Amino acid sequence: MEPEGAASPAPPAPPAAEPLFGDRLAMAEAYVAHLADTGVSHGLIGPREVPRLWDRHVLNCAAIHPAFPESIRVADVGAGAGLPGMVLAIARPDLRLVLVEPLERRTRWLEQVADDLGLTNVEVRRAKAEQLWGSLDADATTSRAVARLGELARLSLPLLRPGGMMVALKGERASVELTEDAFVLERLRVADSSVATYGEGLVDPPSRVVVLHVDGTAPQLRTPVGAGPAQSAEKKRAKRRQRRQ
């Protein structure tokens, strides 16, 4: 029996990891070892998640890397433990990742891990996304388990250059949130939206993402999007507009 507080051993890499990480698999294994050890002790990962770090977390994030064009700058909004930003930086050394995270203990951990892994394509920014509007220009943003789609789009889209895209890991609720938050996406000048699936045959279940493209530059909406009178009023206005069309 392990003594209380002892770190759990990192699970071994499953066969699906090799085709996703290629010759950088050893780096991915070192990252998973960090998650299983200091990731747990720093409160970034729950101890019960350790046995399924690969299947539930890391492979789920690595599978989406084909969504991003070559050699672009990607901002991971609400980076947390580096899922998906750190994983993408490992799987795709051509990408330049900016990990945006407001909590100091998390940013220190991310910097430590990036330094230990020798990741030169990772930059860590301690800030809320809104604080970087106007100062961070990304070709794409990504996120996992941060907020529902409308609020995530409000935070992320103003970080994009014209023609940029947002790729959000959303799982089985991807289509539902896309429909429910259409009124917010309209205000944010989303010109095109879609749901894409990655990792079929490698990840179970496959990774599902919502992909948004903005028409020009997204406006900076300072009021959070969420349940309440403001959202209800906006939905009513959207329904009235639809009836008039």
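The crossing of helices H2 and H4 is right-handed, a crossing being called right-handed if the near helix is turned clockwise from the far one by less than a right angle, and left-handed if anticlockwise. This is a predicted model, in which local features need pLDDT of at least 70 and side-chain atom pairs count only at pLDDT 80 or more, while totals for chains, interfaces and linings use all residues. Residues are numbered from 1 along each chain as its sequence is written, and side-chain values use heavy atoms, with hydrogens and water left out. The secondary structure comes to 10 helices and 7 strands, taken as DSSP runs numbered from the N terminus (H or I of at least four residues for helices, E of at least two for strands).

**Helices H2 and H4**

- H2 and H4 pack at an angle of about 120°, with their axes 12 Å apart, where axes are lines fitted to C-alpha atoms over the stretch in contact and angles run from 0 to 180 degrees between N-to-C directions.
- The two helices are therefore oblique to each other, given that angles under 35 degrees count as roughly parallel, over 145 as roughly antiparallel, 65 to 115 as roughly perpendicular and the rest as oblique.
- On the H2 side the contact (heavy atoms within 4.5 Å) is made by Leu-25, Ala-28, Glu-29, Tyr-31, Val-32, Leu-35 and Ala-36, and on the H4 side by Leu-53, Trp-54 and Val-58.
- H4 is mostly covered, with 8 of its 10 residues buried, that is, under 20% relative accessible area, as against over 50% for exposed and in between for partly exposed (1.4 Å probe, protein chains only).
- What covers the buried residues of H4 includes H1, H2, H5, S4, S5 and S7.

**The aromatic pair**

- The structure holds 1 aromatic pair, for which ring centres of Phe, Tyr and Trp (its six-membered ring) must lie within 6.5 Å, with planes under 30 degrees apart counted as stacked, over 60 as edge-to-face and the rest as tilted.
- Phe-21 and Trp-54 form this edge-to-face pair, at 6.3 Å centre to centre and 80° between the planes.
- The pair links distant parts of the chain, since Phe-21 lies in helix H1 (residues 17-21) and Trp-54 in helix H4 (residues 53-62), 33 residues apart.
- Both partners are buried, Phe-21 with a relative accessible area of 4% and Trp-54 at 2%.

**Nonpolar cores and burial**

- The largest nonpolar core has 55 residues, and those with the most contacts inside it are Phe-21, Tyr-31 and Phe-68; such a core is a set of buried Ala, Val, Leu, Ile, Met, Phe, Trp, Tyr and Cys residues joined through side-chain atoms within 4.5 Å.
- Helix H2 (residues 25-36) gives the largest share of this core, 7 residues.
- A second, separate core of 20 residues includes Leu-152, Met-166, Val-190 and Leu-221.
- Not counting residues up to four places away in sequence, Phe-68 touches Val-74, Leu-88, Arg-92, Leu-95, Ala-140, Thr-141, Thr-142, Met-165 and Val-167.
- Of the 245 residues of the chain, 50% count as buried.

**Helix H7**

- Helix H7 (residues 149-156) is mostly covered, with 8 of its 8 residues buried.
- These buried residues pack against strands S1 (73-77), S4 (138-144), S5 (160-169) and S7 (207-214), and against helices H8 (174-180) and H9 (182-187).

**Gly-80**

- Gly-80 sits in the loop between S1 and helix H5 (85-91) and is buried, with a relative accessible area of 11%.
- Leaving aside neighbours within four places in sequence, Gly-80 is in contact with Leu-44, Glu-101, Arg-106 and Leu-110.
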